[in-house]
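Good morning, and thank you for making time on the agenda. I would ask everyone to have the sequence and the model open while I speak.

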Amino acid sequence: MAISGSEREAFEKQLEAYVGLDIGLEDIGKDRVNAAMVRHWCEAMGDSCGAYTDPALAAESVHGELVAPPTMLQAWILGGVGMASDESDPRDKQKELHRIFDAHGFSGVVATNTEQEYTRYLKMGDEIRARTVIEEISEQKATGLGIGYFINTRTTFRDQNDTEVGWLTFRVLKFEIAEVPVAAETAETGAPSRPQRLRPAMAHDNQWWWECVDKGELAIQRCSGCEALRHPPRPMCGECQSSEWDFVFSTGQGTVHSYVVIRHPEVPGYTYPLVVAVVDLEEGTRFVSNVVDVDPGDVEIGMAVQATIELVDDEMKLPVFRPA
Amino acid sequence: MPTTLKDQAAIVGIGETEYSKNSGRSELSLASEACRAAIKDAGLTPADIDGMTTFTMDTSDEIEVARAVGVGDLTFYSRTPHGGGAAIGVMHQAVMAVATGSAKAVLVYRALNGRSGARYSEGVSGGPTTSDLIHWSWYMPSGLMTPASWVAMVTQRYMHETGCTSRDLAEVCLAQREHAVKNPRAFFYQKPLTLEEHQAARAIVEPLRLYDCCQETDGGSACVVVSPEMARDLPNPPAMIRSVAQAAGAHQESMTSFYRPTLTDLPEVDLVARQCWEMSGLGPEDIDAAVIYDAFSSIVLWQLESYGFCKKGQAADFIRDGALRLDGRLPTNTHGGQLSEAYVHGMNGVNEGVRLIRGTSSSQPAKNEHVLVTAGVGVPTSGMILGQI
Ligand SMILES: [Zn+2]
């Protein structure tokens with residue numbers, strides 16, 4: 001449970017003090033921009049641009065000499081293997097900010113996006129340094145990962161002449177890690193069960209219909225008084241108020257009356273994008289179910305479809321439609 | 001005993017909490033704060049309240065709120081079902097209570113943690129076997145279980161029949177966002193929206209895109225309804241209730257009336273509209289501004305047609321030249337609506353209707369003689385017309 005009330009207020013006040021702060025440390029490139037590191041990068045990235053690795057081609061290019069790939073910008077100031085250790089400079093305001101989040105229960109961290117802009121191509125021998133500012137801390141957000149805050153930083157890169165050569169913004173989410181259930185349910189075999197679709201609730205007025213489905217039939221209720229077909233089933237006929245009824249089996253032939261393509265949210269047990277249609281059955285009633293084995297873009301109103309009864313997960317049978 | 005509800009009651013106080021994505025407190029706390037604010041705005045004390053009404057979906061019992069707010073004896077309390085369809089249904093209850101003398105001052109409220117608590121976007125699922133759950137059981141197995149999916153089904157057919165496009169839906173969103181940008185209560189305060197952004201946003205359930213769908217909000221809204229006589233002695237300008245009505249239509253299901261001869265028909269909205277006009281003696285031409293229930297952009301279009309602002313199937317043409325904007329024919333959802341202010345099940349819209357009559361909206365149209373306020377679509381629904389006292 002995320003902090004609230006006066007505790008949250010005090011916490012957010014504390015965060016405010018960090019907005020606009022330089023993190024206090026300058027990152028200085030360990031090596032000047034050099035051909036060996038550029039070549040390693042290009043090999044790793046599969047970038048065969050001659051201007052980066054072939055002095056002869058580079059000399060003929062618009063650059064007139066070897067240059068570094070712009071996207072390498074951040075690589076010039078990274079700290080190397082040492083970055084992986086937990087030790088950090090006590091003057092680092094960004095780490096200090098993260099520790100405050102940790103102490104208030106927001107111990108999760110995930111990078112969400114970065115933007116970069118390059119002012120000029122870097123040349124061999126350039127010396128790169130960078131400073132980082134904490135630009136913005138968002139209001140509290142409820143995200144898919146949990147309650148948390150987004151932190152935006154902006155890093156500005158400069159060369160040996162103190163001229164800006166590019167910048168990058170980086171956004172991370174500090175979030176409260178959701179409690180995970182102790183043990184997932186397992187089937188009797190001991191194997192983890194895969195998510196299943198939501199089951200219909202069964203009661204007197206609809207159970208018979210699902211029993212027909214289990215036998216492979218798409219049933220339509222029929223009034224014994226006036227022979228009107230009706231769906232969904234109900235205990236009395238709205239036309240003649242008879243409580244007597246039986247049912248007929250549909251041929252499953254129909255046309256799409258309307259449909260949707262569901263993309264969000266994704267519920268476990270279903271496959272997305274998920275097409276659901278209201279279908280005019282040839283008997284005259286309508287029925288709502290999935291249209292399968294079709295590109296969602298190809299579904300249209302008026303399209304002929306045919307229902308078949310099939311397993312839609314490990315156990316549940318459902319009439320589903322395919323283009324006829 | 002009156003034989004009409006016309007001019008039998010007025011809204012004299014409105015109140016609300018802040019609207020957020022994570023209130024960090026209980027729904028009872030939100031309801032209590034909104035109620036206290038509404039009583040204060042009315043210039044009354046908690047002891048003056050003798051009636052309370054809310055939604056069946058509200059988790060805060062009338063008597064719990066009453067104890068928290070300091071309301072004493074109650075002679076009227078009731079609940080209205082069908083989610084957002086109840087937004088004016090609760091007003092109908094309050095007006096009937098005041099008109100019949102069952103209560104002198106009725107507190108109407110709705111509060112929910114719609115984002116940090118139970119989210120409607122998560123859809124329906126299991127629970128006790130009621131007729132309601134049996135109803136949802138026709139849709140859960142195929143995965144049609146969120147409000148967006150049910151409304152999208154009708155929207156798809158509507159677009160097919162009328163030629164309305166996603167860009168037409170966008171005009172509803174853009175007009176309302178233009179209002180929200182000026183409203184400090186709004187989630188999208190100072191955050192404009194462009195047609196390009198609307199079109200580029202991800203689809204939630206095709207044909208509905210992200211900005212066609214309302215907010216999910218933590219917050220509460222409340223108002224106080226009293227007799228016109230009592231209203232005249234209170235500090236703020238009252239919003240007189242010219243007419244108020246509820247209706248369920250033939251072949252009605254809750255959100256999934258897919259079996260009507262014409263899928264896109266909304267007989268319940270037509271019936272509320274007819275009652276509103278007949279009771280008030282007014283017509284669409286008399287309405288200066290509107291608060292039209294907007295859980296999704298498309299349902300605004302359908303209501304414009306049902307209330308007779310344009311012919312059936314022609315709402316896209318009606319709004320295309322900016323009818324819903326501040327200088328348009330019918331400035332609509334001037335608070336930003338539920339798409340851009342907050343989703344409080346339509347009760348924040350009731351408060352905006354009162355502000356429009358008072359002349360205090362952050363997007364105030366020049367003319368404010370009469371304001372239409374409506375409720376949820378796809379469910380049994382309700383509506384009212386507010387006027388000057
Ligand atoms: Zn019959």
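I shall begin with the metal site, then turn to the backbone, and close with the aromatic side chains.

First, the conventions: this is a predicted model, in which local features need pLDDT of at least 70 and side-chain atom pairs count only at pLDDT 80 or more, while totals for chains, interfaces and linings use all residues. Residues are numbered from 1 along each chain as its sequence is written, chains are lettered from A and ligands numbered from 1 in the order in which they are written, and side-chain values use heavy atoms, with hydrogens and water left out.

Which residues hold the zinc ion? The SG atoms of A:C223, A:C226, A:C237 and A:C240 coordinate the zinc ion at 2.3 Å. Donors here are N, O and S atoms within 2.8 Å of the metal (3.2 Å for Na, K and Ca); water is not among the atoms, so sites may look incomplete. The 4 donor atoms subtend angles of 98 to 115° around the zinc ion, which makes the arrangement tetrahedral; for four donors, that term requires all angles to lie between 85 and 135 degrees. For reference, the ideal angle for four tetrahedral donors is 109.5 degrees.

Along the sequence, the donor residues follow the spacing C-x2-C-x10-C-x2-C. A:C226 lies in the loop between strand 7 (219-223) and strand 8 (229-230) of chain A, and A:C240 in the loop between strand 8 and strand 9 (245-249) of chain A, so the pair ties together parts that are 14 residues apart in sequence. Helices (H or I, at least four residues) and strands (E, at least two) are DSSP runs, numbered from the N terminus. A:C226 is partly exposed at 34% relative accessible area, and A:C240 is partly exposed at 31%. Buried means under 20% relative accessible area, exposed over 50%, and partly exposed in between (1.4 Å probe, protein chains only).

The 3 strands form an open antiparallel sheet in the order 8-7-9 in chain A. Strand 8 and strand 9 of chain A stand at the edges, each with a single partner strand, so one side of each has no neighbour in the sheet. Strands count as paired if DSSP finds at least two bridges between them; strand 7 and strand 8 of chain A pair over 2 bridges.

Next, the backbone. A cis peptide bond joins A:H231 and A:P232, with omega about -5°, and A:P232 is in the loop between strand 8 and strand 9 of chain A. In chain B, the bond from B:E206 to B:P207 is also cis, with omega near 15°. B:N333, although not a glycine, has a positive phi of about 50°; B:N333 is buried, at 0% relative accessibility.

Finally, the aromatic side chains. The whole structure holds 22 aromatic pairs over all chains. Rings of Phe, Tyr and Trp (its six-membered ring) pair if their centres lie within 6.5 Å; planes under 30 degrees apart count as stacked, over 60 as edge-to-face and the rest as tilted. The ring centres of A:W209 and A:W210 are 4.9 Å apart and their planes stand at 80°, so this pair is edge-to-face. Both residues, A:W209 and A:W210, are buried. Together with A:F287, A:F321 and B:W138, A:W209 and A:W210 form one aromatic cluster.

Note on methods
Four donors count as tetrahedral if all angles lie between 85 and 135 degrees; four count as square planar and six as octahedral if opposite donors are over 155 degrees apart and all others between 65 and 115; anything else is irregular.
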